[in-house]
Amino acid sequence: MRTFEFLKDIFNLHGKSVGWAIIEEKVKCGDSEEIVLKPGLAIKGSRVYVDLFARRLVSTIKLPELERNVYIARKEKAENGMIALVAKDGIEKSLLLPKTFINDIYNVTRYGAWMEERLLL
């Protein structure tokens, strides 16, 4: 199964047009701020996005303690078994991920007979 079809099935996005995205979360705690970039899926015509690491749908938000922005991205080949998600429109945001990151995250999300032969942690 192809990646987008697989993810559409998991997130009930049949009939929707999806593409890659980079999700930027800024979490403020006191005087410190942590910025995290995560891979996501943009859903055309929607205000919600899929956070692939969290395995859930999210929307952009701007609160004093949490800000979430989403940037439409494209997938590019990188060296050493990696891929890059690069934000479009000249925004300097990018993520370097293993080519297997979807399998790494979702391989144990859906039952398969192969699981009976392995120890799942």
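Student: Where is Asn12 found?

Tutor: Asn12 belongs to the loop between α1 (3–10) and β1 (18–29). Such labels follow DSSP runs, numbered from the N terminus: helices are H or I runs of at least four residues, and strands are E runs of at least two. The model is a predicted one, in which local features need pLDDT of at least 70 and side-chain atom pairs count only at pLDDT 80 or more, while totals for chains, interfaces and linings use all residues. Residues are numbered from 1 along each chain as its sequence is written, and side-chain values use heavy atoms, with hydrogens and water left out.

Student: How many helices and strands does the protein have?

Tutor: There are two helices and eight strands, arranged along the sequence as α-β-β-β-β-β-β-β-β-α. The C-alpha trace spans about 50 × 30 × 30 Å along its principal axes.

Student: Is Asn12 buried or exposed?

Tutor: The scale is one of relative accessible area: buried means under 20%, exposed over 50%, and partly exposed in between, with a 1.4 Å probe and protein chains only. At 61%, Asn12 is exposed, whereas Arg55, at 44%, is partly exposed. Over the protein as a whole, buried residues make up 35% of the 121 residues.

Student: Which residues of the largest nonpolar core touch the most other members?

Tutor: A nonpolar core is a set of buried Ala, Val, Leu, Ile, Met, Phe, Trp, Tyr and Cys residues joined through side-chain atoms within 4.5 Å. Here the largest core has 22 residues, and Leu7, Trp20, Leu52, Leu85, Phe101, Ile102 and Tyr106 touch the most other members. At least two residues of this core come from each of α1, β1, β2 (32–43), β6, β7 (82–87), β8 (94–98) and α2 (101–106). The most is given by α2, with four residues.

Student: How many salt bridges does a search of the whole structure find?

Tutor: In general, side chains of opposite charge can pair when their charged atoms come close. The criterion is a side-chain nitrogen of Lys or Arg within 4 Å of a carboxyl oxygen of Asp or Glu. By that criterion, the search of the whole structure finds six.

Student: Which residues are linked in a network of salt bridges?

Tutor: The network links Glu25, Lys38, Asp51 and Arg68. Within this group, Lys38 and Glu25 meet at 3.3 Å, N to O. Lys38 lies in strand β2 and Glu25 in strand β1, so this pair ties together parts 13 residues apart in sequence. Arg68 also forms a salt bridge with Glu25, with the closest N and O atoms 3.0 Å apart. Because Arg68 lies in strand β6 and Glu25 in strand β1, the parts tied together are here 43 residues apart in sequence. Lys38 and Glu25 are buried, and Arg68 is buried as well.

Student: How far apart are the closest N and O atoms of Lys28 and Glu33?

Tutor: They are 3.9 Å apart, and the two residues form a salt bridge. Lys28 is partly exposed at 41% relative accessibility, and Glu33 is partly exposed at 43%.

Student: Which residues gather in a patch of positive charge on the surface?

Tutor: A patch takes residues with over 30% relative accessible area and no salt bridge, joining like charges within 9 Å and nonpolar side chains (Val, Leu, Ile, Met, Phe, Trp, Tyr) within 5 Å. Areas come from the Shrake-Rupley method with a 1.4 Å probe, and for residues only the protein chains shown count as cover. Lys and Arg count as positive and Asp and Glu as negative, while His and the chain ends are not counted; each charge is placed at NZ of Lys, CZ of Arg, CG of Asp or CD of Glu. In this model Arg2, Lys75, Lys77 and Lys99 form such a positive patch. Lys77 lies in strand β6 (residues 66–77) and is exposed, at 80% relative accessibility.
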